[in-house]
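Have a look at the picture first, then read on.

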Amino acid sequence: MNDRSAVGQHLRGARHADAVTPPFIGKGQAVPGHEGDTDRYGYDMKFGFRVLTALAIAWGSPACADMTARYVMDDGTPLMTIEIAANGDMRTRFSDPSSYFLTREGRDYLVKTGPAGPIVMRSEDIATVMLEQAARETWRPPKDKNANAPLIARAKVRIRGRQGVAYASDRDPSPDAPTVVISEDPTLAPLASAIRKQFLQSLATMSSMFGDASPSRGIAPVLSKGAPLAFLGLELDTVSRDPVPASRFALPAPPITLDAVRRDFNAAP
């Protein structure tokens, strides 16, 4: 029995992973080979970019050794790579090679390619601009009646060769897949800590913008149990404990001002 069939047979009543919209594609962007995912997920790409930004700001967390973790879609398409230093510095890149998120000495940044070189933005400035933009808009995501539903352990399953515990809401009878699969492997503690902290902080940002309509709220308590093997359309693929060069966590330029961040966001299509 393969990993997928095991999940399907054990999880009667679990929420399908596609019900939690993946937060990794911005407006006008698509993962190669997945250009139709806007229709597949019924998802607004501009909102997707905002969720992505909210999910990726503030990755700082304690670590005990260097680690690099790579998450992919279920078809193997790379989507997120997290590099964690022993001192807590962190570098996270999604599918867009022109930008990445950086935690250095407890401060969080977005680094992206600009016409004259790298542009560095502070995460708190990004959050400020996102909240300003949200306040000017009338559109809000539809409320999900299951967003705050507690997730319960359903079964032990395997995701890409790793064993974990599948969690799902008992309010959705879909048998296809769990909402999240958690590993209790203590060697993945740095990864668990990193994702837990960034998810909680991103959820706070989303709640400030959209209140009870913020997606995926029910996942937060489960992330205290270990590193996610599968969540938000992502699956943990590879984990390396090779040393990560310190240069990977260096700021390539001084951060721009809050006003400059406003101009950059307002200029974005």
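Helices (H or I, at least four residues) and strands (E, at least two) are DSSP runs, numbered from the N terminus, and two strands pair if DSSP finds at least two bridges between them. This is a predicted model, where local features need pLDDT of at least 70, side-chain atom pairs count only at pLDDT 80 or more, and totals for chains, interfaces and linings use all residues. Residues are numbered from 1 along each chain as its sequence is written, and side-chain values use heavy atoms, leaving out hydrogens and water.

Start with a pair: β10 and β11 run antiparallel and are joined by two bridges. In that pair, F231 sits opposite L234 of β11.

Now zoom out. An open, antiparallel sheet is built from 11 strands, in the order β6-β5-β4-β3-β2-β1-β11-β10-β9-β8-β7. β6 and β7 are at the edges with a single partner strand each, so one side of each has no neighbour in the sheet.

| Strand | Residues |
|---|---|
| β6 | 117-122 |
| β7 | 152-159 |
| β10 | 227-231 |
| β11 | 234-240 |

What about the helices? The axes of α4 (residues 123-135) and α6 (residues 258-267) come within 9 Å and cross at roughly 50 degrees. Axes are lines fitted to C-alpha atoms, for helices over the stretch in contact, with angles from 0 to 180 degrees between N-to-C directions; contact means heavy atoms within 4.5 Å. Residues making this contact include I126 and V129 of α4, and V261 and F265 of α6.
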